[in-house]
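The sequence and the structure come first, and the description follows.

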Amino acid sequence: MLFIRALCSFGIAALATAIVVGIVPGVRAILPQMNLVWSSAGHNHITSVLLFVCIPAIVMSRFSPRAQYLITTTIIALFVYYRSRAALIIGLLAVVYMVIKKVLARAHRRRGYAYVLCASLLAISVAVLLPEISQTFGKNINTYVRNKTTLNQDRRAEYWGQALQAIQARPIVGHGPGTFMIVSNTFQTSPTHGSWFAHNFVLETLAETGIIGLGLFLWVLWATYARSAYVFFVRHKESVEYLATGLPVLLLLVYGLVDFPLNYFVLWALLWATAGVF
């Protein structure tokens, strides 16, 4: 439980930093271009940290339904405000899972189900539709849609295609660690359609290090988490501690299939720290 408190404290500190950076423009100038506290490439990547700490936060407040409702609503609102549709949907699925496992809204359960369903539908609708509405009417709506692409403009599928072409060219050893930008520039269909990241850690690892690199990476994950995953999912020893430390790892790996959270050292540090207690 001490580690869960530490995760929550880290999440609060990270969110507070993101808020300060958003309020004080001068701070942004000293930040590196790739950071976790200010918006870049369409959305603020503080959502990756929020995705990791939202489950521990809900578990910590499990003895107070009102606190859980408040925390859950705040997290959903932050996902919407910070403009990450994928993180929002993955986080909402995790919240629904918490309801099913009776960790969230176990008191007044029917009201809890209705609450989560309504909040989820509203949040998904806002996150998906606002950029399209903004483009239709030719203006931005507050800060939410600034630099945010619509679903039709999203180029993830093109980046995945570039990675697949790179994998076909050098499937065994890849093109070298950290070279996806070069790979993307090589296989892009337009001068402006390149990317530093494949937005899928499996494809990016394959493109950069080949089958050998991906095999080693998956072996490390298996060696680290296999026993705990077996206890959690197969033997059904689902304590809240396992839930609060194991589910965030799964959420981050799933998010890594559609974005690039695993290109941040801080998030790797959270993964390995969690491995020590999971």
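The largest nonpolar core has 67 residues, and I55 and L271 have the most contacts inside it. A nonpolar core here is a set of buried Ala, Val, Leu, Ile, Met, Phe, Trp, Tyr and Cys residues joined through side-chain atoms within 4.5 Å. Helix α3 (residues 46–60) gives the most to this core, namely eleven residues. Beyond its neighbours within four places in sequence, I55 is in contact (heavy atoms within 4.5 Å) with A94, M98, L243, A244, L247, P248 and L251.

The model is a predicted one, in which local features need pLDDT of at least 70 and side-chain atom pairs count only at pLDDT 80 or more, while totals for chains, interfaces and linings use all residues. Residues are numbered from 1 along each chain as its sequence is written, and side-chain values use heavy atoms, with hydrogens and water left out.

**Overall build**

The chain has eleven helices and two strands. These elements are DSSP runs numbered from the N terminus, with helices (H or I) of at least four residues and strands (E) of at least two. Read from the N terminus, their order is α-α-β-β-α-α-α-α-α-α-α-α-α. The chain has 278 residues, of which 46% count as buried. Buried means under 20% relative accessible area, exposed means over 50%, and partly exposed lies in between (1.4 Å probe, protein chains only). Among contacts with a separation of 6 or more, 69% are between residues 24 or more positions apart.

**Aromatic pairs**

Six aromatic pairs are found in a search of the whole structure. Rings of Phe, Tyr and Trp (its six-membered ring) pair if their centres lie within 6.5 Å; planes under 30 degrees apart count as stacked, over 60 as edge-to-face and the rest as tilted. F217 and W268 form an edge-to-face pair, with 5.7 Å from centre to centre and 90 degrees between the planes. This pair links distant parts of the chain, since F217 is in helix α9 (residues 201–234) and W268 is in helix α11 (residues 265–275), 51 residues apart. F217 counts as buried because its relative accessibility is 17%, and W268 counts as buried because its value is 19%. The rings of F260 and Y264 have planes at 20 degrees and centres 6.3 Å apart, so this pair is stacked. Both F260 and Y264 are buried. Ring pairs also join F201, F217, W268 and W272 into a cluster.

The structure holds one cavity of 30 Å³ or more. On a 1 Å grid over the protein atoms alone, a cavity is a set of points where a 1.4 Å probe fits but cannot get out, and lining residues have an atom within 4 Å of a point. Grid points are joined across faces, edges and corners, and a volume is the space filled by probe spheres set on the points. The largest cavity contains about 40 Å³ of space. Its lining is made of I75, I76, F79, L88, G91, L92 and V95. Helices α4 (65–81) and α5 each supply at least two lining residues, and α5 has the largest share, with four.

One of the lining residues is G91, which is found in helix α5 (residues 85–100). Apart from neighbours within four places in sequence, G91 is in contact with L51 and F79. The C-alpha atoms of G91 and F79 are separated by 8.5 Å, and the two residues are twelve residues apart along the chain.

**Single residues**

| Residue | Relative accessibility |
|---|---|
| N44 | 2% |
| G91 | 3% |
| H199 | 11% |
| T205 | 19% |

N44 is found in strand β2 (residues 43–44). A polar atom of the N44 side chain lies 2.9 Å from the backbone nitrogen of I46. With neighbours within four places in sequence left aside, N44 is in contact with L36, V37, W38, S39 and Y82.

H199 is found in the loop between α8 (180–187) and α9. The phi of H199 is near 60 degrees, a positive value in a residue other than glycine.

T205 is found in helix α9. Leaving out neighbours within four places in sequence, T205 is in contact with G210, G213 and L214.

Notes. Polar contact = N/O pair within 3.5 Å; in protein donor to acceptor, adjacent residues only side chain to side chain. 1 Å grid on protein atoms, 1.4 Å probe; cavity = no way out; pocket = protein on both sides within 12 Å on 5 of 7 lines; lining within 4 Å.
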